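Please keep the sequence and the structure in view while reading.

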Amino acid sequence: MSAQMSMANSEQRTDVTAMLAVALTVVGWASAFPAIRAGLAAFGPLELGALRFAIAAVPAAIFLAIKRPALPKLNELWRFGVGGAIFVALYTAMLNIGETTVSAGAAAFIINVSPIFTAIMAMFLLGERFPVLAWFGTFVSFAGIGVIAMGEGNGLTFNTGALLILGSALCSSVNTIVQKPLFSRHHPLTVAAWNMVLGALCLAPFFPESLVQASHADKAGLTAVIYLGLIPSFISYAAWATALSRLPAARASNYLYLVSPVATVIGFAWLGEVPTTLGIIGGVLALGGVIIVNMKR
């Protein structure tokens, strides 16, 4: 009986930690959308990404220097490389360039293909089960994101920018599957810290020009890039690694459907963007879909 109670308490603590990590991820990444829009007014898309992750890499490198975690094995190096090159550098470059021509609502709809990519790959590559009820919840959430996009009034136009954002969604899904096995040996904060450092190194060629642009940027632009480096990058990437280490990949990714409705709320508070009726309905659908997925553990 004592052992069973201990196990139940351990699972409860795990759930609380996982949910806190999910909340930090959703809020942080949702706030990145208005912050990116503010930052692109002062920086080029690649320069914004380079400075953002240069800022995030500083505390990440300090963390690695203090903790001195176990170095990756030779067969794990490519998984860490994917985190830096694909999940940080390529994802950021494609998303920033895409957002220069695609509206926020349409961008959120396109990038929310990621949980579907992840669920499919998790079934075939990680052996995870995703029951019919979970697929129904995924459809409800995805439909909700589509309603939010319709509420933007600009529709969905699959130009080059839209394709780039679709590519960034694929980057996120690939990384989720590739790095999931790392958490059996490495602490999630270690994985996240290496992602920050390696990603910053990949974006380093654009760093000198980002400093030139920073010298001419206004206060709003500088505030946006510093915020991007600390909250959506350093903190939220660490939170996502923690969530992914404690939840199945498909289930963890399903929570990302909440990013778009939360971004709508933050956009209203930060930029004064008033959500439309369709935006509110879409947010409710997105939230409802996540609840459905988590009804059956």
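Helix 13, which covers residues 277-293, is the element that gives the most to the nonpolar patch, contributing three residues. The patch is formed by M150, L278, I281 and L285, and its area is about 350 Å². The model is a predicted one, and the areas and distances in this report are computed from it.

## The chain as a whole

The chain contains 13 helices and zero strands, so that reading along the sequence gives the pattern α-α-α-α-α-α-α-α-α-α-α-α-α. Of the 297 residues in the chain, 51% are buried. The accessible surface amounts to about 13,600 Å², and carbon and sulfur atoms account for 71% of that surface.

When contacts between residues at least 6 apart in sequence are considered, 92% of them join residues that are at least 24 apart.

How many salt bridges does a search of the whole structure find? The search finds one, and in this salt bridge the side chains of R185 and E76 meet with an N to O distance of 3.1 Å. The pair links distant parts of the chain, since R185 sits in the loop between helix 7 and helix 8, whereas E76 sits in the loop between helix 2 (45-67) and helix 3 (77-98), 109 residues apart.

Are the two partners buried or exposed, or something in between? R185 has a relative accessibility of 38% and therefore counts as partly exposed, while E76, at 11%, counts as buried.

K180 belongs to the loop that runs between helix 7 (160-179) and helix 8 (188-202). With a relative accessibility of 19%, K180 counts as buried, because the cut-off for that class is under 20%.

A polar atom of the K180 side chain lies 2.5 Å from the backbone oxygen of L244.

Methods
Residues are numbered from 1 along each chain as its sequence is written. This is a predicted model: local features need pLDDT of at least 70, side-chain atom pairs count only at pLDDT 80 or more; totals for chains, interfaces and linings use all residues. Side-chain values use heavy atoms; hydrogens and water are left out. Helices (H or I, at least four residues) and strands (E, at least two) are DSSP runs, numbered from the N terminus. Buried means under 20% relative accessible area, exposed over 50%, partly exposed in between (1.4 Å probe, protein chains only). A polar contact is a pair of N or O atoms within 3.5 Å; within protein, one must be able to donate a hydrogen and the other to accept it, and residues adjacent in sequence count only if both atoms are side-chain atoms. Contact means heavy atoms within 4.5 Å. Accessible areas come from the Shrake-Rupley method with a 1.4 Å probe; for residues, only the protein chains shown count as cover. Patches are made of residues with over 30% relative accessible area and no salt bridge: like charges are joined within 9 Å, nonpolar side chains (Val, Leu, Ile, Met, Phe, Trp, Tyr) within 5 Å. A salt bridge is a side-chain nitrogen of Lys or Arg within 4 Å of a carboxyl oxygen of Asp or Glu.
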